[in-house]
Amino acid sequence: MTVPHPAGLFHHVELWVDDLAAAEAQWSPVLLALGCEPFQQWPRGRSWRLGTAYLVIEQSTALLPGGHQRLRAGLNHLAVHGSRAAAAAALAAGWTVRVDTGEAVHLINGQGFELEIVCA
């Protein structure tokens, strides 16, 4: 059976990270709490899928030094529909709260990536 692909939605998002093991330790519990399932695994990357979309973290050999900086041009943050349970999973995995508006929790991980979990 072929699954329809919704037009206009992301196929996947790929985040390049400096430390794959650290990124996996922080992203995996949150993504699992959001209902994602492990999808792909290779020596320098991992992915998790929900429906037809997936998120990749990769420590590419082509990565330039300097680390992620959400305040520079490029990705500022990812925002996902979720729950307080997903935010709690993030905190347990070492993310920190940047701001909690009551409707959304903005979290920062150890590599500087921001994830907004919209709980309303």
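Modeller: Happy to; we can start with the whole chain and then move on to some of its parts. Keep in mind that this is a predicted model.

Biologist: Thanks! How many helices and strands are in the protein chain?
Modeller: The protein chain has two helices and eight strands. Along the sequence they come in the order β-α-β-β-β-β-α-β-β-β.

Biologist: And how compact is the protein chain?
Modeller: It is as compact as a globular protein of that length, because its radius of gyration is 14 Å, close to the 14 Å that the globule rule gives for 120 residues. The C-alpha atoms fill a box of roughly 40 × 35 × 25 Å along the principal axes.

Biologist: What share of the residues count as buried?
Modeller: That would be 34% of the 120 residues. As for contacts between residues at least 6 apart in sequence, 54% of them join residues at least 24 apart.

Biologist: Let's turn to helix α1. Which residues does α1 cover, and how far does α1 reach?
Modeller: Helix α1 takes in residues 20-33, which is 14 residues. From first C-alpha to last, α1 reaches 20 Å, close to the 20 Å expected at 1.5 Å a residue.

Biologist: Where is the kink in α1?
Modeller: The kink lies at Trp 27, shortly before the proline Pro 29, and comes to about 30 degrees.

Biologist: What happens at the two ends of α1?
Modeller: At the start, a side-chain oxygen of Asp 19 comes to within 3.2 Å of the backbone nitrogen of Ala 21. After the helix comes Gly 35, which has a positive phi near 100 degrees.

Biologist: What else in α1 is buried?
Modeller: Besides Trp 27, the buried residues are Leu 20, Ala 23, Gln 26, Ser 28, Val 30 and Leu 31. The buried residues of α1 pack against β1, β3, β4, β5, α2 and β8.

Biologist: Why would residues three or four places apart in a helix point the same way?
Modeller: An α-helix has 3.6 residues a turn, so residues three or four places apart point the same way.

Biologist: Nice. New topic: how do β2 and β3 pair?
Modeller: β2, residues 37-42, and β3 are antiparallel and share five bridges. The two strands form a hairpin with two residues between them.

Biologist: And how many bridges join β3 to β4?
Modeller: There are six bridges, and these strands run antiparallel too. Their hairpin also has two residues between the strands, and Gly 51 takes a positive phi near 65 degrees there.

Biologist: Which residues stand across from Arg 46?
Modeller: Arg 46 sits in β3. Gln 41 stands opposite Arg 46, while in β4 the bridge partner is Ile 57.

Biologist: So is that arginine, Arg 46, buried or exposed?
Modeller: Arg 46 is buried, since its relative accessible area is 14%, and under 20% counts as buried.

Biologist: Which side chain does Arg 46 make a polar contact with?
Modeller: That partner is Glu 24, and the polar contact is 3.3 Å. Beyond four places in sequence, the contacts of Arg 46 also include Leu 20, Gln 40, Leu 55 and Val 56.

Key. Residues numbered from 1 in each chain as written. Predicted model: local features only at pLDDT ≥ 70, side-chain atom pairs only at ≥ 80, totals over all residues. Heavy atoms only, no water. Helix = DSSP H or I, 4+ residues; strand = E, 2+ residues; numbered from the N terminus. Expected span 1.5 Å × (residues − 1). Bend = angle between axes of the 7 residues up to and from the residue. Buried < 20%, exposed > 50% of the residue type's maximum accessible area, 1.4 Å probe, protein only. Contact = heavy atoms within 4.5 Å. Polar contact = N/O pair within 3.5 Å; in protein donor to acceptor, adjacent residues only side chain to side chain. Pairing = 2+ DSSP bridges. Rg over C-alpha atoms; globule rule 2.2 N^0.38 Å.
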